[in-house]
Amino acid sequence: MDAFTTHTGVGVPLRRSNVDTDQIIPAVYLKRVTRTGFEDGLFAAWRGDEHFVLNLEPFKAGSVLVAGPDFGTGSSREHAVWALMDYGFRVVISSRFADIFRGNSGKQGLVAAQVDQQHVELLWKLLEAEPGTEVTVDLTDKTVRAKDLVAPFEIDDYTRWRLLEGLDDIALTLRHGDEIGRFEGNRQTWLPTTDPLQAV
Amino acid sequence: MSRTLAEKVWEAHVVRHGSGAEPDLLYIDLHLLHEVTSPQAFDGLRLAGRKLRRADLTIATEDHNVPTVDIDKPIADLVSRTQVDTLRRNCAEFGVRLHPMGDVEQGIVHVVGPQLGLTQPGMTVVCGDSHTSTHGAFGALAFGIGTSEVEHVMATQTLPLRPFKTMAITVDGELGPGVTAKDVILAVIAKIGTGGGQGYVLEYRGSAIEALSMEARMTVCNMSIEAGARAGMIAPDQTTFDYIEGRPHAPSGADWVAAVEYWKTLRTDDDATFSAEVHIDAAELTPFVTWGTNPGQGLPLGASVPDPESFTDEHERVAAEKALTYMGLEPGTPLRDIHVDTVFLGSCTNGRIEDLRAAADVLRGKHVAQGVRMLVVPGSMRVRAQAEREGLHEVFLDAGAEWRQAGCSMCLGMNPDQLAPGERSASTSNRNFEGRQGKGGRTHLVSPLVAAATAVRGTLSAPADLEN
């Protein structure tokens, strides 16, 4: 994972709440076995509408998505994060994220910046009044800046640290291999395994 | 210190406590795989030269992509076929037990785990699928994860996680006739909202929950994610033990005695406190259906399509407007007047034998309305076989419904079972999102009883409507 400290890019206002992961990328796009190339599935149903924000200049080239509350609800598909990143987004701003989406973002280096709804509304107005306005998201001081607007955002400290350092979760956990082994040695013997059962 | 059920299960799985902002490292007892969210995780292992740590705690099945007819032929969609073939290759390479299409144990991952007896109280269960919350019905801590986490569990059999908050959902009293577990959970979601459970594990409790069968409990826990919660749980009791006993992977002999003794400790202590509490009176619940495009947009069947102007919250008002446009509905229309084109009975929410029995009881001796198609898709091949032993398939076929093979089917638009643009369904599945059942498709979430009655009348209906 690439480290993330700060990012500046065109802000994209998405005035919708409850943007579920079926909207971010419909199931029909999940059949691939690769980890790249999901940008064509991003908001696939909405992109058929010529007035959809990502079909408008200069939002097409956006990299900071500013969405309504409850972003990323529903399915656990990490493809939603891949699709956003493959398209070019580095940050999603919302006043409330679904838990699994937020977790998936943190694993991939997409910053899910939780900004209160009042500031989201101000950002929307700003981005709509002056399309192409750039938004700067600074992970070191946890602020979002656009023109004169400065808004704090929340992100959990551990995810922030991992993003700043660009650390791989699995490598971090494998440092504790001995402790995992000790735990396994103490597990109850009746717990099931998936080993095929012998025919009786 | 007194603890909730979720806290007890959590504590029993902590490999190491994190310090400061660092999360706890939690051991995972069972990892379920399917073809959609696993290929990139297997690839990740290969790229990093890592091993699958515990193949013996991992099991895979094919469900999302599989067709539910002609399963003896190769999958026609080449991309789907490649994904299924990739799962088969990965399972062979890493030594994972797989139940492929056509196998007697194949089915939806959340139906297969419990029926094999692999899901047991007090376990941690994960899967790259948000409906993993289903397994919480056994008093397991079970939740959906993304593909990066799937890879993490493969490599380490653990996950770094911060403890969840706990919310008690107490449903007291008796459910009225025709009111099911599906109606309970749809009412819960409508009450707390699609974001109401975020950050929480929901514990369902109260006399109405205790009275539910294991399968009904699974329906309730299954949709916890639709309220935004990571997991739902129900304390194990005699109903749970009776369901597990004798299943292929259940403990036996002295192990059974020891296991039950432990399972009986898995209850929220009387003086434990939850971070939040919600109370619902079971007697007030009636059959519940959704009118909008998220599972929180639901109402009792006797209500009418709401007027967006009636919502005081600005986001809810805008969401309702967008939902009604997408759904092609007018405010004020009685829900019972809404005509459907298709009825789908199945999914990890309502594809178990009791669901099929309930629907068959309504359909017996009746016929699906003209112009309506009804798909009956068992959640697993075992459920299908059981239904055929009971003659339920004949009831469905005689009524004019289609009797299919096991899979996720029309719950999500990923296999051949899909709605066409503008087509309207009454569906026993879990999500009514835009396009969920196929691009442009319009979904009303319902219970199996409402699904069957709707199939007969052609409009959203409860079984009681058939008597008039």
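In this predicted model, the axes of helix 6 (residues 181-192) and helix 8 (residues 214-222) of chain B come within 8 Å and cross at roughly 20°. Because angles under 35 degrees count as roughly parallel, helix 6 of chain B and helix 8 of chain B are described as roughly parallel to each other. Their crossing is right-handed.

**Helix 6 and helix 8 of chain B**

- Helix 6 of chain B contributes B:Ala181, B:Lys182, B:Val184 and B:Ile185 to the contact, and these meet B:Ala216, B:Thr219 and B:Val220 in helix 8 of chain B.
- By class, this contact of helix 6 with helix 8 of chain B has 5 nonpolar, 1 polar and 1 charged residues.

**Domains of chain B**

- The domain assignment divides chain B into domain 1 (5-161), domain 2 (165-232 + 261-284) and domain 3 (332-467).
- Between domain 1 and domain 2 of chain B, the C-alpha centres lie 24 Å apart.
- Domain 1 of chain B provides 20 residues to the contact between these two domains, and domain 2 of chain B provides 18 residues.
- On the side of domain 1 of chain B that touches domain 2 of chain B, at least two residues each are supplied by helix 1 (5-11), helix 4 (109-115) and strand 7 (141-144) of chain B.
- Helix 1 of chain B gives the largest share of that side, 5 residues.

**The parallel sheet of chain B**

- An open sheet of chain B is formed by 5 strands in the order 5-4-3-6-7, and the pairing is parallel.
- Strand 5 (97-99) and strand 7 of chain B are the edge strands, each pairing on one side only.
- Neighbouring strands of this sheet are turned against each other by 20° on average, direction ignored.
- Strand 4 (residues 58-61) of chain B pairs with strand 5 of chain B in the parallel sense over 3 bridges.
- Opposite B:Arg97 in strand 5 of chain B stands B:Ile59.

**Contact between chain A and chain B**

- Chain B gives 67 residues to the contact between the chains, and chain A gives 52 residues.
- Helix 5 (residues 147-156) of chain B gives the most to the side of chain B that touches chain A, with 7 residues.
- The side of chain B that touches chain A has, by class, 22 nonpolar, 30 polar and 15 charged residues.

Notes: Residues are numbered from 1 along each chain as its sequence is written. Chains are lettered from A and ligands numbered from 1 in the order in which they are written. This is a predicted model: local features need pLDDT of at least 70, side-chain atom pairs count only at pLDDT 80 or more; totals for chains, interfaces and linings use all residues. Two residues are in contact if their C-beta atoms, placed from the backbone, lie within 7 Å. Helices (H or I, at least four residues) and strands (E, at least two) are DSSP runs, numbered from the N terminus. Ala, Val, Leu, Ile, Met, Phe, Trp, Tyr, Cys and Pro count as nonpolar, Asp, Glu, Lys and Arg as charged, and the others, Gly among them, as polar. Axes are lines fitted to C-alpha atoms, for helices over the stretch in contact, and angles run from 0 to 180 degrees between N-to-C directions. Angles under 35 degrees count as roughly parallel, over 145 as roughly antiparallel, 65 to 115 as roughly perpendicular and the rest as oblique. A crossing is left-handed if the near helix is turned anticlockwise from the far one by less than a right angle, and right-handed if clockwise. Domain bounds come from an automatic or database domain assignment. Two strands pair if DSSP finds at least two bridges between them.
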